[in-house]
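Hi,

Here is the structure I promised to pass on. Have a look at it first, and then read on for what turned up.

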Amino acid sequence: VFVWAALIVLSSCSRRTPEFVHSIPDDAIAVLTIHPMQLHTKSQVNTFPSIKEKVKDEIWEQILENPLSTGLMMNEYVYVFVTMEEEAPVIGVVSGMKDQKKFESTLAKIKEGITEEFESNEVYTWLQMDKEGIIAWNNKQMIALVSPDHNEFESSYFTGALDKMFSPVREESITSLVDFKDFLGKMKDLNLWLSSNELFDVVQKIAGDKIPDLPITLYNNYAQVFVDFADGEMNINGETHFSEEVEKNVEEFLVMKPNLNEDMLKLAPAGNLLVAIAGSMDLSKTQQLIEKFAPPEVDTVSNKVEMATGMEMEELLGALTGDFTISINGVEGEAMIPLEIFVGIGVNGKAIQEKLMESVQGLTSVEEEGDFFIINFQGNEIYSGIINDVLVITNALGYKDAIKSGAHGTPLTSSRFGDFADGSLGMFVNLDIDQYPAMLQGLLSQRSEAQRWVNKLTDPFDYLGVCAGNYKSKMVVKTSNPSENSLYTVLKMVDAPE
């Protein structure tokens, strides 16, 4: 029992928020956190000679070689935050202090005699080389403040802000916010926290009366983003946290459905999948939001839509379910088009298909066979039919007959796209050029400059996948070397000679 109790105490201590984090004020609209040593270790940035050559500043050379040598607590997260003052935005950096003497020695490398410009009070020492900002420190932490519109601030503003930050009131600290505490417990290599509070006030000042009247206030809403550089893949995860007031009314504004149309995904072929994207929207909610908040210019858009489709906007939205799927597969052989393209659109009734066939029949030969129309396009058959309220348009060879028998090869749900199909929007992009049809690779090889750039940008990667919903989203970039850290892979790509 004693051992387990000790382990619990130790684990809770390891998760304890460092004292210097309390210096960040609670009116920050954004906080970016990075873990310097984790990034340094994973990137192996000090092993790239060309990067070292580009860094001429002595301090940056020192950081590049060994971040811990600066005296700052680089084995803890460093916090970069933004506040919106009346005059202009202010950017701050907060870090723990490991060795104050080392840090002051690092500053001394900026220029000869700079230590004579250090000023001190009972709590901290500071340096202000120009009016753009200020850097201050003591034996516990370092704080830097800077503003892009530095002419708007007197030196007294910066020192006044530092007085508060070095002696923070916990109730006025960002760590007093429950959502920020939640964010701290999930951090990865690179992280971002956003608040709607002060940001909405800024938007109101800029836009004024142009912001429509909303039935709710947009305060106490937060977003969190986490980036993890793992071996063989880079993972980016995002979360949206709404206030209680917004939660009560949120259904009116969330135009994305909770899930994709799985029946539609099963209709989409994925033999040699190159690209796929699928989404699911609630068009009735979308229409209501447009009617409530859209500017007058939307009427012009509606007129253009009617001219293009022959259907009024309300009729068009009523004929669609809001679900769609597009998949593109590579095919080899003597086909004129080395791609099989599938488009699935959720429909209510046959109005959309009838309008489509009216447009196509005047341009090329169209035959009707059972549930499908067969469109002859320069010797290639394109199938169009409605299956389970899904309008299917595809040039996949033999699709019409295969779907009748209940099988058309590998469906999208059984492909790598399936890992990104559990939200409102899913996307997959195959980045392995070797898996693309030989005809496309041949066409690319005829443009040497384009081929060079395509190879440079895609060779290190296998695929990109995205899944997004109303509350959570994720993106995965899979690299071609599973045993190599993805950050190191990215740096190698950037560092490669042009």
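H35 itself sits in the loop between strand 1 and helix 2. With a relative accessible area of 9%, H35 is buried; buried here means under 20% relative accessible area, exposed over 50%, and partly exposed in between, using a 1.4 Å probe and protein chains only.

Before the rest, some housekeeping. This is a predicted model, so local features need a pLDDT of at least 70 and side-chain atom pairs count only at pLDDT 80 or more, while totals for chains, interfaces and linings use all residues. Residues are numbered from 1 along each chain as its sequence is written, and side-chain values use heavy atoms, with hydrogens and water left out.

**Confidence and overall make-up**

The protein chain averages a pLDDT of 86, and 88% of the residues score at least 70; pLDDT is the predictor's confidence in each residue, from 0 to 100. Residues 1-14 have a pLDDT below 50, and beyond near neighbours in sequence that stretch makes zero contacts in the model. Where pLDDT is low, the predicted coordinates should not be read in detail.

The chain has 18 helices and 20 strands. Of the 498 residues in the protein chain, 40% are buried. Among contacts with a separation of 6 or more, 68% are between residues 24 or more positions apart.

**The largest pocket**

The largest pocket has a volume of about 1300 Å³. Of its 43 lining residues, the closest to the centre are I59, W60, I63, L72 and M74. Helix 4 (residues 58-65) gives the largest share of the lining, with five residues. By class the lining has 31 nonpolar, seven polar and five charged residues.

The terms, for reference: on a 1 Å grid over the protein atoms alone, a pocket is an open set of points where a 1.4 Å probe fits, with protein on both sides within 12 Å along at least five of seven lines, and lining residues have an atom within 4 Å of a point. Grid points are joined across faces, edges and corners, and the volume is the space filled by probe spheres set on the points. Ala, Val, Leu, Ile, Met, Phe, Trp, Tyr, Cys and Pro count as nonpolar, Asp, Glu, Lys and Arg as charged, and the others, Gly among them, as polar.

**Aromatic pairs**

There are 16 aromatic pairs, counted when ring centres of Phe, Tyr and Trp (its six-membered ring) lie within 6.5 Å, with planes under 30 degrees apart called stacked, over 60 edge-to-face and the rest tilted. F20 and Y79 have ring centres 6.0 Å apart and planes at 70°, so that pair is edge-to-face. F20 is in the loop between helix 1 (2-14) and strand 1 (30-34), and Y79 is in strand 2 (residues 78-84), so the pair ties together parts 59 residues apart in sequence. F20 is buried at 4% relative accessible area, and Y79 is buried at 2%.

F118 and W137 also make an edge-to-face pair, because their centres are 5.0 Å apart and their planes at 80°. F118 lies in the loop between helix 5 (100-107) and strand 4 (119-120), W137 in strand 6 (residues 133-137), and the two are 19 residues apart. Both F118 and W137 are buried. Elsewhere, ring pairs link F180, F183, W193, Y222 and F226 into a cluster.

Q44 has a phi near 50°, positive in a residue other than glycine. Q44 belongs to the loop between helix 2 (36-43) and helix 3 (49-54) and is partly exposed, at 34%. D389, not a glycine either, has a positive phi of about 65°. D389 is in the loop between strand 16 (380-387) and strand 17 (390-394), and is exposed at 52%.

Cheers

Conventions
Helix = DSSP H or I, 4+ residues; strand = E, 2+ residues; numbered from the N terminus. Contact = heavy atoms within 4.5 Å.
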